[in-house]
Amino acid sequence: MKPGDTVGQSAFEIYKDIEWIEQSLRRGLKGESFTTQGYIGPLFFETHMAPFQEHEGRPMGMIGLVIDHSLERKAEEERSHSFAREQAALAASRLKSEFLANMSHEIRTPIHGVLGMTGLLLDTTLNSQ
């Protein structure tokens with residue numbers, strides 16, 4: 001969308017394909033004040049809406065504040081992914097340590113047996129049989 005493309009259009013026309021905004025607009029025009037959050041494409045917004053009323057108390061429009069929280073949300077998601085990767089790395093490290101401990105035990109046990117038997121054979125006098 002280029003600057004000026006939305007001149008003369010209502011918010012309903014501009015945001016017709018974004019359901020959460022359309023619902024917010026309808027709530028505001030019914031006279032409700034509220035806060036909501038949602039995505040528009042990859043961007044994450046928080047909106048604060050309040051009705052703008054005429055003399056007779058009938059809603060004429062809305063006054064709104066829109067805050068772009070995209071950078072904060074992205075940083076939060078990256079921290080979450082980083083934490084998940086860290087947990088996976090710790091789990092992999094634990095599994096590797098357990099595997100190595102088990103393999104070390106499995107290899108040492110038969111080697112001790114072979115060494116023990118070799119010691120016995122060296123200490124025993126052997127006959128031709």
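View 1. G31 sits just past α2 and takes a positive phi of about 100 degrees. Helices here are DSSP runs of H or I with at least four residues, strands are E runs of at least two, and both are numbered from the N terminus. Keep in mind that this is a predicted model, where local features need pLDDT of at least 70, side-chain atom pairs count only at pLDDT 80 or more, and totals for chains, interfaces and linings use all residues. Residue numbers start from 1 along each chain as its sequence is written, and side-chain values use heavy atoms, with hydrogens and water left out.

**View 2. The buried side of α2.** In α2 (residues 19–29), the buried residues are W20, I21, S24, L25 and G28 (buried: under 20% relative accessible area, 1.4 Å probe, protein chains only). They share one side of the helix because they cover an arc of only 140 degrees around the axis, taken from the directions from the axis to the C-beta atoms. Their packing partners are α1 (11–14), β1 (34–40), β2 (43–53) and β3 (59–68).

**View 3. T36 up close.** This residue of strand β1 is buried, at 18% relative accessible area. Setting aside neighbours within four places in sequence, T36 is in contact with W20, S24, F45, E46 and T47 (contact: heavy atoms within 4.5 Å).

Definitions and conventions
Buried means under 20% relative accessible area, exposed over 50%, partly exposed in between (1.4 Å probe, protein chains only).
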